[in-house]
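I opened this notebook to record what I looked up in the structure. The entries follow the order in which I consulted it.

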Amino acid sequence: MSAAVDAETARSLSLFRPLGESACLPVSLAFHLFHCSGHQIQEAIRSQGQSEVGTAPRAASTGLRLAWSPLFRRYQRNACGYCKSDNGSAAYYASSVSVRPEHYESLLCQGWRRSGTLYYKQNLRRSCCPHYTMRLQAADFKPRRDQRKALNRWNKYVLGPEYMRKAAMLAPITREEKKRRQQGFDLAQAVHASEYANLPRPIDPKTKKPIEPAHKFEVTIEGDSLSQRKYEVFLKYQAAIHNEAADKWKSADFKRFLCAGLKRNAPKEGSGEKKIGSWHQCYRLDGRLIAVAVLDLLPEGVSSVYLFYDPEFGDWGFGKLSALREIVLAREESYQYYYMGYYIHSCQKMRYKALYRPQYILDPESKTWDPLDGELSQKLDKRKYVSLSHDRANPPSEKEEEEEPELANEEELSLFDIHMPGVLTADQVLSQLDLDHWLLLVHGSFVHMSDLVGWEEADLRSAQSIKGIVGELAAVLGVDVVQKSACVLFD
Ligand SMILES: [Zn+2]
């Protein structure tokens with residue numbers, strides 16, 4: 001009964017598991033999945049490692065065990081770390097250890113995001129603090145004064161007054177360079193200005209030795225592998241920034257959270273081929289690792305996943321320094337977009353993201369991109385959920401925002417009855433997808449969904465049927481990704 005899938009096709013597929021059917025966690029850890037804030041997402045990732053399989057119903061006559069935990073639903077309401085509501089945030093969850101970067105980019109452009117191996121998409125219409133996907137065009141970005149200042153300040157610190165004085169004397173900049181600098185701020189120049197490899201080091205006539213900067217600053221892009229020093233910096237960062245106890249993160253949890261991302265390619269030096277997959281941009285000062293930016297490099301964009309730094313360097317604005325460097329990376333390596341993650345308009349702490357301009361927001365329904373400044377921003381000041389495409393089709397009344405009516409037992413419902421924005425309806429799934437022939441990975445080989453006993457009679461709209469579970473996943477992934485992926489349901 002196995003489906004004919006050649007090896008090359010098999011390699012090109014992404015795999016997805018609806019969360020409730022796979023990540024079975026002990027009851028005591030249930031609350032860890034309450035994740036609306038980045039911090040709580042870390043909790044979810046951390047606790048994945050402590051998972052254990054729950055009692056599993058048998059899947060019809062296939063004899064396979066369907067890993068199942070009634071506590072962990074694929075669609076779930078959770079506490080919100082931003083407004084501190086008890087169950088304000090609702091999202092759909094899946095997990096995967098194998099998503100191709102191009103498919104992940106396609107998911108990003110539909111409002112998904114990943115954290116380690118956990119993939120999720122929030123229901124913006126039913127969440128207290130809607131998470132809007134944002135991105136900017138790297139080529140169009142214009143740094144603000146405070147952003148430029150952060151770079152200049154850091155460069156001065158690295159170079160030191162003595163080096164700067166001597167370099168001005170012994171290796172003065174050319175007239176062309178001077179002219180260029182007068183024309184305005186050169187972001188790439190400022191980002192690279194204090195990197196050791198780029199520094200002129202003329203011989204000091206007094207010492208007969210090359211002049212040296214105050215600090216040796218190096219930035220490299222490396223695979224997202226685990227190292228003891230990365231782990232130490234991460235722990236220091238979590239303790240200082242999130243007030244977490246030192247024993248909270250085991251090295252394996254850290255690894256699952258930030259060192260086990262998308263598969264990387266291996267472009268040859270000078271081939272012009274872009275890096276793709278999950279990488280660590282490592283900042284070293286005098287040979288010591290001081291910051292790591294975790295990046296997903298995708299065919300069209302650089303997606304910022306996480307940044308942690310040694311809190312000793314907390315005053316230098318590493319958030320700004322790293323964002324500016326990543327925008328320059330996007331420009332230099334021809335990734336078109338820079339994704340800064342989610343934007344929550346109602347959350348003051350997140351407003352800084354809007355200061356990287358011009359910034360665009362994903363319309364949760366049409367999946368087109370609108371400038372954040374202007375109409376969208378004005379509407380977001382007045383109501384939490386905004387889809388400009390929806391407003392155009394159904395002009396909203398001038399009245400106050402209408403609250404979404406509460407759904408009884410929302411988590412028990414089929415996703416098709418929840419009407420989550422940007423998700424296919426049951427009719428669309430039936431007409432646009434061939435769900436019967438969607439691939440299911442079982443013990444290393446592929447079968448079609450229709451090979452499952454009872455598949456044909458099962459009801460797509462039932463949240464409890466396998467067809468319902470599979471159909472929901474397909475509806476949230478969207479047509480494009482479903483066609484390039486397979487589903488995993490069984491252990
Ligand atoms: Zn909230």
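Predicted model: local features only at pLDDT ≥ 70, side-chain atom pairs only at ≥ 80, totals over all residues.

**Entry 1: helix α4.** I then checked the length of α4, which covers residues 145-170. For its 26 residues, a straight helix would reach 38 Å at 1.5 Å a residue, but the end C-alpha atoms of α4 are only 30 Å apart.

I next asked which residues of α4 are buried. I found Q147, A150, L151, W154, V158 and L159. Looking for what covers these buried residues, I noted α6 (187-192), β11 (217-223) and α9 (318-332) among the elements included.

**Entry 2: helix α5.** How many of the eight residues of α5 (residues 175-182) are buried? I counted zero, so α5 lies largely in the open. Just after α5, I recorded a positive phi of about 140° at G184.

**Entry 3: helix α7.** I repeated the length check on α7, residues 228-242. Its 15 residues should span 21 Å at 1.5 Å a residue, and I read 20 Å between its end C-alpha atoms, which agrees.

The buried residues of α7 that I listed are K230, V233, F234, Y237 and Q238. Viewed down the axis of α7, these buried residues fall within an arc of 135°, so they line one face of the helix. I then looked up their packing partners and found α8 (251-258), β13 (288-297) and β14 (301-309). Just after α7, I noted that N243 takes a positive phi of about 50°.

**Entry 4: the nonpolar core.** I turned to the largest nonpolar core, which has 108 residues. Which of its residues touch the most other members? I found Y338, V470, L473, A474 and C487. I followed one of these, L473, and set aside residues up to four places away in sequence; L473 touches F16, P18, A94 and C487. As general background, I noted that nonpolar side chains tend to be buried together in soluble globular proteins.

**Entry 5: the chain as a whole.** I recorded 14 helices and 21 strands. Buried residues make up 41% of the 491 residues. Taking contacts between residues at least 6 apart in sequence, I noted that 68% join residues at least 24 apart.

Technical notes
Residues numbered from 1 in each chain as written. Helix = DSSP H or I, 4+ residues; strand = E, 2+ residues; numbered from the N terminus. Buried ≥ 20, exposed ≤ 12 C-beta atoms within 10 Å, placed from the backbone. Contact = placed C-beta atoms within 7 Å. Core = buried A, V, L, I, M, F, W, Y, C linked by C-beta atoms within 7 Å. Expected span 1.5 Å × (residues − 1). Arc of directions from axis to C-beta.
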